[in-house]
Amino acid sequence: MNEESLTQFLGRFVADLGATVAAGNVVIGDRLGLYRAMMAGPVSPEELASRTGTARRYVEEWLRGQAAGGYVEYNAETGQYWLTEEQSFVLTDPEGPVFAPGAFELAVGALRAQDRIIEAFRTGDGVGWHEHHTDVFTGCERAFKPWYRGSLIDAWLPALNDDVVQKLKAGALVADVGCGHGASTVMMAEAFPNSTFRGVDGHPASIDQARERAKDNDLDGRVTFDVAVAQDFGKLGPEFDLVTTFDSLHDMGDPLGAARHIRESLTPDGTWMIVEPYAGDEVSDNLNPVGRVYYSFSSFLCVPNALSQEGGYSLGAQAGERPIHSLVLDAGFTRFRRVAETPFNIVYEARP
């Protein structure tokens with residue numbers, strides 16, 4: 001046994017163990033408003049507890065752990081803690097372009113299904129989205145919404161064929177398939193007030209939340225949400241100018257059936273915008289920190305969900321471009337291209 005290699009691996013283990021336990025503490029900091037209360041400047045544990053109506057001793061231990069992990073700063077001379085501008089940017093604003101607590105909420109929620117996932121590993125059965133803790137649903141929205149807000153309207157949609165944004169401005173009919181709580185649907189509807197949007201998702205509780213979002217944003221009538229799966233929404237024939245799937249194609253048990261139905265539901269000059277997790281075609285391309293995050297989430301959420309559906313197929317969160325390209329062509333589309341990417345997503349365009 002190589003002792004140096006062993007020491008390095010144990011170091012990785014300690015770092016991962018600390019990060020795993022720290023995830024729950026990030027969620028606590030968000031839900032109790034501890035991070036937001038630190039935006040005013042350096043604070044002692046007593047001051048932070050007073051500001052947030054929490055117990056000093058708990059806050060003191062929380063702050064020490066946050067400082068040890070690099071999530072807050074500590075001054076040994078004054079005993080105070082504070083957030084840097086960068087830490088504040090990532091930890092305090094759920095409406096900003098990146099919001100770490102949402103992703104941690106999703107992770108903590110996913111881990112609650114550990115016993116169910118272990119059994120699925122043994123049997124090969126699926127675990128449906130609806131079987132997970134509610135933190136998975138809220139965390140998913142809070143984690144992904146900032147990424148969409150930073151790119152969807154200003155970068156991704158304009159990267160599509162030139163006539164897509166023109167149609168949206170003039171008045172298009174759009175289907176957002178696998179919409180979850182409707183964050184992407186509402187975002188597009190607010191940006192393009194002349195267009196009509198229909199969000200669909202197979203999870204009834206998420207559709208209930210999406211309908212509340214539409215009401216909260218005064219979008220009733222122009223935005224509707226319905227319980228439906230990708231293989232059977234909008235069975236009235238070709239009608240949609242644009243169909244979008246945001247980080248949902250790889251969760252489907254019959255992605256080819258979904259792609260075929262999307263093709264049938266588009267107008268002759270319509271467009272399917274496919275947003276998927278960033279991934280290379282080969283496993284070795286994805287053996288990096290981002291790939292590790294996606295593979296880990298995929299084993300708890302994406303693969304089990306897909307295997308719980310009719311079709312019994314699972315792309316997984318790190319499918320890469322090649323299988324998606326093949327799927328699109330097999331579904332009857334004739335044009336496919338990668339139009340945009342971020343460190344976390346790749347955006348594809350498919351056209352009849």
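Good morning. E105 forms a salt bridge with R31, and their closest N and O atoms lie 3.3 Å apart. The pair links distant parts of the chain, since E105 belongs to helix α6 (residues 100–111) and R31 to helix α1 (residues 3–31), 74 residues apart. By salt bridge I mean a side-chain nitrogen of Lys or Arg within 4 Å of a carboxyl oxygen of Asp or Glu.

A word on the source. This is a predicted model, in which local features need pLDDT of at least 70 and side-chain atom pairs count only at pLDDT 80 or more, while totals for chains, interfaces and linings use all residues. Residues are numbered from 1 along each chain as its sequence is written, and side-chain values use heavy atoms, with hydrogens and water left out. Helices (H or I, at least four residues) and strands (E, at least two) are DSSP runs, numbered from the N terminus.

Are the two partners of the opening pair buried or exposed? E105 is buried, with a relative accessible area of 5%, whereas R31 is partly exposed at 47%. Here, buried means under 20% relative accessible area, exposed means over 50%, and partly exposed lies in between (1.4 Å probe, protein chains only).

How many salt bridges does a search of the whole structure find? The search finds 27. In one of them, the side chains of R57 and E61 meet at 2.7 Å, N to O. These two residues are four apart in helix α4 (residues 56–68), so about one helical turn separates them. R57 is partly exposed at 42% relative accessibility, and E61 is partly exposed at 44%.

Another salt bridge joins D269 and K167, with the closest N and O atoms 3.2 Å apart. Because D269 lies in strand β7 and K167 in helix α9 (residues 163–170), the pair ties together parts that are 102 residues apart in sequence. D269 is partly exposed, at 38% relative accessibility. Salt bridges that share partners also join D30, R31, R36, E105, R112, D135 and R142 into one network.

I turn now to the nonpolar residues. In soluble globular proteins, nonpolar side chains tend to be buried together. A nonpolar core is a set of buried Ala, Val, Leu, Ile, Met, Phe, Trp, Tyr and Cys residues joined through side-chain atoms within 4.5 Å. Which members of the largest core touch the most other members? Of its 47 residues, they are L152, W156, L157, L168 and M273. Helix α8 (residues 134–159) gives the most to this core, with nine residues. Domain 2 (93–150) and domain 3 (161–289 + 301–351) both give residues to this core, so it lies between them; the domain bounds come from an automatic or database domain assignment. A second, separate core of 27 residues includes V200, A259, L327 and A350.

Next, N286 has its place in the loop between β7 (266–277) and α13 (289–307). N286 counts as buried, at 3% relative accessibility. Leaving aside neighbours within four places in sequence, N286 is in contact (heavy atoms within 4.5 Å) with A279, G280, G291, R292, Y295 and Q318.

Finally, please look at helix α1 again. L6 lies in this helix and is partly exposed, with a relative accessible area of 35%. Thank you for your attention.
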